[in-house]
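Have the structure open while you read.

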Amino acid sequence: SKQRTTHRKFFAMLHTAYDNREWPTIETQHGPAQCTFEQFRSYVTIKAGFFEMGATPQGSPRAEAKSIKFARMDEAEFEQVYSAVLNVILAEFLTNWSDGDMETAIENMLGFA
């Protein structure tokens, strides 16, 4: 279905970005820690402007990534989300990549090439 293809393309973009980046391991009081794929997905989604505000139990504001429900989106909405998230990825994480590099990597991942 078109929705499944849209979902696969979005997650292929996220996995491509995550897999093509070295993630530092930091030492914490609870042992070593590293950015997980889910934390990365949440971060780029929030940075792209797709979030809802919540609050911590202490009353501090906290942004929560919106669940991207492709079944409820039309093509224009999906393109807006996709483009905004891609812009964050290219600006912050894959700074030497172009849109074309990302499209090629996604097509290769999805087996379209």
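## The second largest pocket

Sorted by class, the second largest pocket is lined by four nonpolar, two polar and four charged residues. Here Ala, Val, Leu, Ile, Met, Phe, Trp, Tyr, Cys and Pro count as nonpolar, Asp, Glu, Lys and Arg as charged, and the others, Gly among them, as polar. The lining consists of Phe 50, Lys 66, Ser 67, Ile 68, Lys 69, Arg 72, Met 73, Glu 77, Gln 80 and Val 81, and the volume is about 170 Å³.

A pocket, on a 1 Å grid over the protein atoms alone and with a 1.4 Å probe, is an open set of points with protein on both sides within 12 Å along at least five of seven lines; lining residues have an atom within 4 Å of a point. A volume is the space filled by probe spheres set on the points, with grid points joined across faces, edges and corners.

## Ground rules

This is a predicted model: local features need pLDDT of at least 70 and side-chain atom pairs pLDDT 80 or more, while totals for chains, interfaces and linings use all residues. Numbering starts from 1 along each chain as its sequence is written, and side-chain values use heavy atoms, leaving out hydrogens and water.

## The largest pocket

The largest pocket holds about 260 Å³ of space. Its lining has 16 residues, with Lys 2, Thr 5, Thr 6, Glu 75 and Phe 78 nearest the centre. Helices H1 (2-19), H3 (75-92) and H4 (99-110) are the elements that each give two or more residues to this lining; helices are DSSP runs (H or I, at least four residues), numbered from the N terminus.

H1 provides the largest share, five residues. By class, the lining of the largest pocket splits into six nonpolar, three polar and seven charged residues.

## H1 against H3

How do H1 and H3 run relative to each other? Their axes come within 11 Å and cross at roughly 5°, which makes the two helices roughly parallel (angles under 35 degrees count as such, and 65 to 115 as roughly perpendicular). Axes are lines fitted to C-alpha atoms over the stretch in contact, with angles from 0 to 180 degrees between N-to-C directions.

On the H1 side, the contact (heavy atoms within 4.5 Å) includes Phe 10, Met 13 and Leu 14, and on the H3 side Val 85, Leu 86 and Ile 89 are among the residues. The tally for this contact is 10 nonpolar, one polar and three charged residues.

## H1 against H4

The axes of H1 and H4 come within 9 Å and cross at roughly 110°, so these helices are roughly perpendicular. Residues making the contact include Ala 12 and His 15 of H1, and Met 102 and Ile 106 of H4. By class there are eight nonpolar, two polar and four charged residues in the contact of H1 with H4.

Conventions: Angles under 35 degrees count as roughly parallel, over 145 as roughly antiparallel, 65 to 115 as roughly perpendicular and the rest as oblique.
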